[in-house]
Amino acid sequence: MRHPPRTSALLTTAALAMVSCALAVTGTAAGAAASPSCTVTYSVVGQWAGGFQGAVTVTNNSSALNGWSLGFGFPAGQTLSQGWGAKWSQTGSAVTAVNESWNAALGTGASVTTGFIASWSGANTAPGAFTLNGAACTTDSGPGPTPTPTPTPTSTPTPTPTGPTPTPTPTEPTSGAPELSVTGNRLTDRNGATRRLLGVNRSGGEFMCVQGHGIFDGPVDDASVRAIADWKANTVRIPLNEECWLGLDNIKPEYRGANYADAVKGLVDRVLAHGMTPVVELHWTYGQYTGNSSGCADVHASCQKPMPDAQYTPAFWTSVANTFKNDRRVVFDLFNEPYPDRATPTTAQAWTCWRDGGTCPGIGYEVAGMQDLVDAVRATGARNLLLVPGIAYSNDLSQWLSHSPTDPTGNLAAAWHVYNFNTCSSEACWDSTLAPVAARVPLVAGEIGENTCAHAFIDRVMKWFDDRSLSYLGWTWNTWNCSSGPALITSYDGTPTAFGTGLRDHLRTLN
């Protein structure tokens, strides 16, 4: 959905085991005064073979600054590949992070957090000395980081292959979440059997953290996930916020970085434990857009933007892909609802912007196109299924086939959203624009819904998709007033609204 959910949602926080490692950098640098000019905390948020995600928080203990430059050296040959929250550069082993325009002011006692992704080999020794505008910060070498452990899945995933997709074997389980691949226009498991994604969206992870309320809207414990499975859903789509995942400093510390990522991993694990497919999806992103149909004037990830941003979104997908690439049961939905067509003068320009990114007419920030996001995921070695949405809030797939990004693994599906108030909301439109896409690639309706508190419209959608053995997910498994937006439930025990009753009863007839 493009409209922001309410901000008064409740939060139930589950105790989650920390799976990332953090290295605190404290102490007194040689020759420093009793009150050092700055204090630094260096953390390894996640680590994998050959790469890692780091975060650096610097606190200014001196007079207020209007512009800052953080410096340190990688001691073991690590190489910076991308960063956020600052302008990052590396010369030899020396690394520099210079403020962005929006976080240049650093008052006395204020802190700023920046993040990066880098490669390593042999050892990933932490930097031992940091400077802020040339002045030494308190440092202490401390212990080196250890790899982030992969959460134990409910069934053993097949190792990521390095060559072509292996021939299906009879070891694929007949129940539970499958490892999905694209075979022609079908989603298939390792046995070659057709699979459909049928379930719900679980909203909250995209907005609670940036609004300062928590991480999820309502409980995401085992009981609440079991309630989804009791509807006979086999898929849960989990919207995310890129600033919260990357740990940008405009997010409260308790809701960002490792805390946020661990909460998401915990929910993914519980979805898998109940035999359902988790779809991790990027919903809200960075970039200031105040043009036609703007959802907010804020540069931060506080609403739906027309396109992903080149500054942070590729880094988000690099990190997310590295987190989940060893479990191909996890599906990646690259971007919620692109709408470059509302910004650009022509539809042709909108589709070019959608695929290629860069400088797009009407959008004031550098755009990451769908090809950029596919490339970011595949560069990690991840072979997970990717969902790629269209334009017009994912409601227009008319030129998806002619502009679709190239995927070296061939594991792409088209994503589409529909509500009763969308332009393409009739069977005639579906026959003319969706059917040609569905004939070529798998089609997933990542959001279906209606604002009537009833289910007559989604009944039509589900019939059209059922007749073609396609996938769909209802929006949304949240206890909002359905008259202000499609809400499937009145309670997290699974009690449905009138709208939700239609989806629940239909899923139960299918499974």
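Is Arg195 buried or exposed? In this predicted model, Arg195 is buried, with a relative accessible area of 19%, a value that falls in the buried class because that class covers residues under 20%.

Begin with the whole protein chain, where 57% of the 511 residues count as buried and where the secondary structure comes to ten helices and 23 strands.

Next, select the open sheet of three strands, whose order is β13-β14-β15 and whose pairing is antiparallel; its edge strands are β13 (181–183) and β15 (194–195), each of which pairs on one side only. Strand β14 (residues 186–188) pairs with β15 over two bridges, and Leu187 has Arg195 in β15 as its bridge partner. Now show the side chain of Arg195, which forms a salt bridge with Asp189, their closest N and O atoms being 3.0 Å apart; Asp189 is likewise buried, at a relative accessible area of 6%.

Arg460 is partly exposed at 34%, and Glu427 is partly exposed at 30% relative accessibility.

From helix α8, select Asp431, which meets Arg468 in a salt bridge (3.6 Å, N to O); Arg468 sits in the loop between α9 and β23 (471–474), 37 residues apart from Asp431.

Finish with Arg237, Glu281, Asp333 and Glu447, which are linked in a network of salt bridges.

Note on methods. Residues numbered from 1 in each chain as written. Predicted model: local features only at pLDDT ≥ 70, side-chain atom pairs only at ≥ 80, totals over all residues. Heavy atoms only, no water. Helix = DSSP H or I, 4+ residues; strand = E, 2+ residues; numbered from the N terminus. Buried < 20%, exposed > 50% of the residue type's maximum accessible area, 1.4 Å probe, protein only. Pairing = 2+ DSSP bridges. Salt bridge = Lys/Arg side-chain N within 4 Å of Asp/Glu carboxyl O.
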